[in-house]
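Here is a quick walk through one protein model, from its rings to its overall build. Have a look at the sequence and the structure first.

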Amino acid sequence: MNLLRLIPIFDNSVSTWGLEARILRWLILTWMFIGLIILFSASYPVADERHGDGLYYFKRQMLWGIVSLIIFNIIVNLPLRKILGVSHWFLILFLMLIFVTLIPGLGKKAFDAARWIAIGPIPIQPSELIKPFLVLQSATLFSKWEKLSWEMRLSWLGVFGLVLLGILAQPNLSTTALCGMTIWFIALAAGLPYKYLGGTALGGVLLALLSISIKEYQRKRIMSFMNPWGDATGDGYQLVQSLLAVGSGQTWGSGFGLSQQKLFYLPIQDTDFIFAIFSEEFGFVGGILLLLMLAIFTTIGLIVALKSKNLTSQLVAIGMVVLIIGQSLLHIGVTIGALPTTGLPLPMFSYGGNSMIASLISSALLIRVARESGKAEVVPLHKTPSENRPRRRFF
């Protein structure tokens with residue numbers, strides 16, 4: 001085995017991929033590159049203050065990026081059926097780790113939420129890593145729904161319920177909502193009866209309302225979201241500072257590295273509110289270009305789903321698009337005050353190795369579906385001297 005193929009720039013097989021797979025690959029690598037640049041700017045002041053090294057977070061994100069790209073390249077070169085064959089074991093593993101985070105002394109807390117497990121110097125966040133495997137198992141279940149017994153259906157629905165309850169208990173309402181929404185959209189795409197979908201949606205809303213009624217800090221977030229300026233130095237402080245960052249970017253932004261809000265005005269600027277720093281430095285135009293990139297990614301992803309040769313592959317593609325784009329839009333919605341403040345990272349922008357790995361695994365699975373698409377045409381990037389037939393035209 002040629003180990004250099006594990007590194008994307010040395011993978012010579014890319015020239016044989018279908019058009020959609022190659023476009024997605026370049027979009028993802030571009031997205032990741034831009035994200036690293038933005039993280040460098042957003043994290044420098046806080047890293048210098050906390051660790052005496054402005055590159056502290058950037059260097060670690062680079063390391064996680066390299067690890068993630070190796071995993072990415074392994075997945076894009078593995079048959080999807082083999083990945084689906086083992087995905088349930090990863091789902092069960094990360095489900096168990098989610099409940100381990102709830103055990104006092106084992107779960108690592110941050111902002112009153114136990115979401116991490118420390119394995120030596122490496123923090124593991126199972127609620128992030130479980131996301132792509134939740135999509136894979138949901139796609140497997142719902143694509144075979146009519147062929148399965150009710151015992152098997154209820155067993156896997158029970159597992160999904162445990163995943164959502166475990167994440168909610170950490171507590172992590174935003175990730176719970178994202179995972180539940182992703183499962184629901186996969187079930188919708190699979191054609192499950194509306195009576196099941198409607199009942200599940202109602203149950204999810206009631207569960208969210210129950211969580212908000214029990215957790216005081218969640219109620220405060222809702223109230224501060226409705227009127228952040230009413231308590232601009234208290235519960236509404238973070239959203240107010242985020243809005244100031246976004247608004248001060250105006251049309252073209254203040255320029256790369258010139259954000260003022262990252263200078264200890266906006267909390268958590270390198271993770272949950274990194275889009276605010278991006279907007280301040282690159283303005284309205286930069287925000288629109290990022291949304292355009294998300295729109296292109298969504299369009300290509302849905303084309304891949306439509307071209308997929310079987311229902312399972314279609315549902316995997318749809319699930320990965322919902323997961324990546326849904327999380328991106330939720331993050332952006334929070335930073336601009338369109339949604340209540342919550343803790344969702346922006347894929348491939350926010351600091352965090354677990355988020356980077358989960359995002360690139362999800363992207364790699366979407367590319368894998370594109371590569372196996374029955375209608376994907378292989379468009380050679382160059383012709384060998386022996387090729388005498390005319391080149392196919394696409395435009």
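## Charges over rings

The charged end of Arg 25 is placed over the ring of Trp 26, 5.5 Å from its centre. There's another case at Trp 150, where Arg 153 lies over the face, at 4.6 Å from the ring centre. For a charge to sit over a ring here, NZ of Lys or CZ of Arg must be within 6 Å of the ring centre and within 35 degrees of the ring normal.

A word on the ground rules: this is a predicted model, where local features need pLDDT of at least 70 and side-chain atom pairs count only at pLDDT 80 or more, while totals for chains, interfaces and linings use all residues. Residues are numbered from 1 along each chain as its sequence is written, and side-chain values use heavy atoms, with hydrogens and water left out.

## Ring pairs

How many aromatic pairs does the structure hold? It holds 17, taking rings of Phe, Tyr and Trp (its six-membered ring) as paired if their centres lie within 6.5 Å; planes under 30 degrees apart count as stacked, over 60 as edge-to-face and the rest as tilted. Two of these pairs are set out here.

| Pair | Centre distance | Plane angle | Class |
|---|---|---|---|
| Phe 142 and Trp 145 | 5.7 Å | 40° | tilted |
| Phe 275 and Phe 278 | 5.9 Å | 35° | tilted |

Phe 142 and Trp 145 are both buried, which here is under 20% relative accessible area, with exposed being over 50% and partly exposed in between (1.4 Å probe, protein chains only). Phe 275 also counts as buried, at 5% relative accessibility, and Phe 278 does too, at 6%. Because Phe 275 and Phe 278 are three residues apart in helix α11 (residues 274-307), about one helical turn separates them. Helices (H or I, at least four residues) and strands (E, at least two) are DSSP runs, numbered from the N terminus.

## Two buried polar residues

Thr 342 is found in the loop between α12 (311-335) and α13 (353-371). Buried or exposed? Thr 342 is buried, as its relative accessible area is 19%. Its side chain makes a polar contact of 2.9 Å with the side chain of Ser 174. Such a contact is a pair of N or O atoms within 3.5 Å; within protein, one must be able to donate a hydrogen and the other to accept it, and residues adjacent in sequence count only if both atoms are side-chain atoms. Leaving aside neighbours within four places in sequence, Thr 342 is in contact (heavy atoms within 4.5 Å) with Ser 174, Arg 221, Asp 272 and Val 334.

Gln 218 belongs to helix α9 (residues 216-226) and is buried, at a relative accessible area of 5%. With neighbours within four places set aside, Gln 218 touches Pro 171, Leu 173, Ser 211 and Ile 212. Gly 203 is 15 residues away along the chain, and the C-alpha atoms of Gln 218 and Gly 203 are 19 Å apart.

## The whole chain

Stepping back, the protein chain has 13 helices and three strands. Along its principal axes, the C-alpha trace spans about 70 × 55 × 40 Å. Of the 395 residues, 48% count as buried. Among contacts in the chain with a separation of 6 or more, 72% come from residues 24 or more positions apart.
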